[in-house]
Amino acid sequence: MDKTIGIFGGGQLGRMMAQAALPLNIQCTFFEASTDCPSAALGPVISTQAENGLQDFINSAEVFSLEFENTPLSDVDVLTETKQLHPPRQALAIAQHRLSEKALFDELDIPVAPYKAVTSLESLQNAVAELGLPIVLKTSRGGYDGKGQFVLRTADQIDQAWAELGPAGELIAESFVTFSREVSIIAVRGQNGDVKTWPLAENHHHNGILSHSIVPAPNSVDLQPVAQDYITRLLNHLNYVGVLTLELFVTDKGLYANEMAPRVHNSGHWSIEGAVCSQFENHIRAVAGLPLGSTEMIRPTVLVNIIGQHPKTEDVLALEGAHLHLYNKSEREGRKIGHITLMPIDSSELTTLCRQLSKILPNPLALSEDMTI
């Protein structure tokens, strides 16, 4: 199939989408500020800074997608006058506004923590009084990897929280959910309405950044159908095409939705080697109007992010069952610059492999020499 897909963004997600597209004879173009981005090796990059950049990008492909949820809606509106975008604009607009996102979850009976809109210091004080402490205060728009939020634990932090986040505009205050762990469900919906889901991933963070994901999430047999039901409601309600991710908290009262991401997701990178058809290939298939592939897991897998500093390539590849993915990004503190997928033939070796990898990574984050999977 000869087709070109235009992708808003040129980071590592776009890079991996394009890598999955090439075997299908599908080319990709990218709309990105820097022409020296991770996706540059995979196709033409049209700069967002160019005088006629948006129009050149629109002319570069037959159908379009995106790799980050903060894609400007104004650009989308110009694009969709003449071309198709998958996922739909509505999904993108909702994901960009946390209050709209919570309202959608409420509408579809997907449980969320109690929340309140905050637009002033007084309304923050009222939210604290009504929701109780602790609460998580977040900007309604923007923010990722722990940015744009403040965990408010005591009343004497109210002024500080407002001083830090108030200038950002509309905020959302959420009751702090007591949860045992965080999981994510990733699913894909084709243009014919076909829906497929991957196994739940259990996600571990360090300083707000995903450190590693375990797939399938341990003890998730009862959680999987519930999560699948929630994400299928979202996909069908939005008439969604492509990959969607739903992040969830595991609580004593069941699963609570945290947020959705209208794109391929970091916690799904394991699927490149660990599933019959990866999130990237299935996203490309959906956008191109092709049949979806199997999301069945090949065997248990651990995804580990490389953050800040590169390990020695030969040390990683010396580990039996390790797959290394580098993004052609320079080292910088807190920056995701690659990932490693661990999937030994014998899944009982996963704990040993993770412990070995913790000694190799310059910045092992949540991995440790005494961890157990």
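This is a predicted model: local features need pLDDT of at least 70, side-chain atom pairs count only at pLDDT 80 or more; totals for chains, interfaces and linings use all residues.
Residues are numbered from 1 along each chain as its sequence is written, and side-chain values use heavy atoms, with hydrogens and water left out.

Student: In what order do the 5 strands of the parallel open sheet stand?
Tutor: Strands here are DSSP runs of E with at least two residues, helices are runs of H or I with at least four, and both are numbered from the N terminus; two strands pair if DSSP finds at least two bridges between them. The edge strands, each pairing on one side only, are β3 (45-47) and β5 (84-85). The order of the sheet is β3-β2-β1-β4-β5.

Student: At about what angle to β4 does helix α10 run?
Tutor: Axes are lines fitted to C-alpha atoms, for helices over the stretch in contact, and angles run from 0 to 180 degrees between N-to-C directions. Helix α1 (residues 12-21) lies across β1, β2 and β4 (63-66), and its direction makes about 165° with β2. Helix α10 (residues 279-288) also lies across β1, β2 and β4, and its angle to β4 is about 145°.

Student: How are α1 and α10 oriented to each other, roughly parallel or roughly perpendicular?
Tutor: Contact means heavy atoms within 4.5 Å, and by that criterion Leu13, Met16, Met17, Ala20 and Ala21 in α1 meet Phe280, Glu281, His283 and Ile284 in α10. The two axes come within 8 Å and cross at roughly 70°. Angles under 35 degrees count as roughly parallel, over 145 as roughly antiparallel, 65 to 115 as roughly perpendicular and the rest as oblique, so α1 and α10 are roughly perpendicular.

Student: How many of the residues of α10 are buried?
Tutor: Buried means under 20% relative accessible area, exposed over 50%, and partly exposed in between, with a 1.4 Å probe and protein chains only. Among the buried residues of α10 are Phe280, His283, Ile284 and Val287. The helix is followed by glycine 289, whose phi is positive, near 80°. α10 is mostly covered, the buried count being 8 of its 10 residues.

Student: What is the bridge partner of leucine 137 in β8?
Tutor: A sheet of 4 strands has the order β6-β9-β7-β8 with antiparallel pairing, and within it strand β7 (residues 135-139) and β8 pair over 4 bridges. Leucine 152 is the partner of isoleucine 135, and the partner of leucine 137 is phenylalanine 150.

Student: How far from cysteine 37 is the nearest cysteine sulfur?
Tutor: A disulfide is a pair of cysteine sulfur atoms within 2.5 Å, and the structure holds 0 of them. Cysteine 37 is therefore in no disulfide; the nearest cysteine sulfur, that of cysteine 28, lies at a distance of 12 Å.

Student: Is arginine 263 buried or exposed?
Tutor: Arginine 263 lies in the loop between β15 (254-261) and α9 (271-274). Not counting residues up to four places away in sequence, arginine 263 touches several residues, including Leu13, Glu67, Glu69 and Tyr240. Because its relative accessible area is 15%, arginine 263 is buried.
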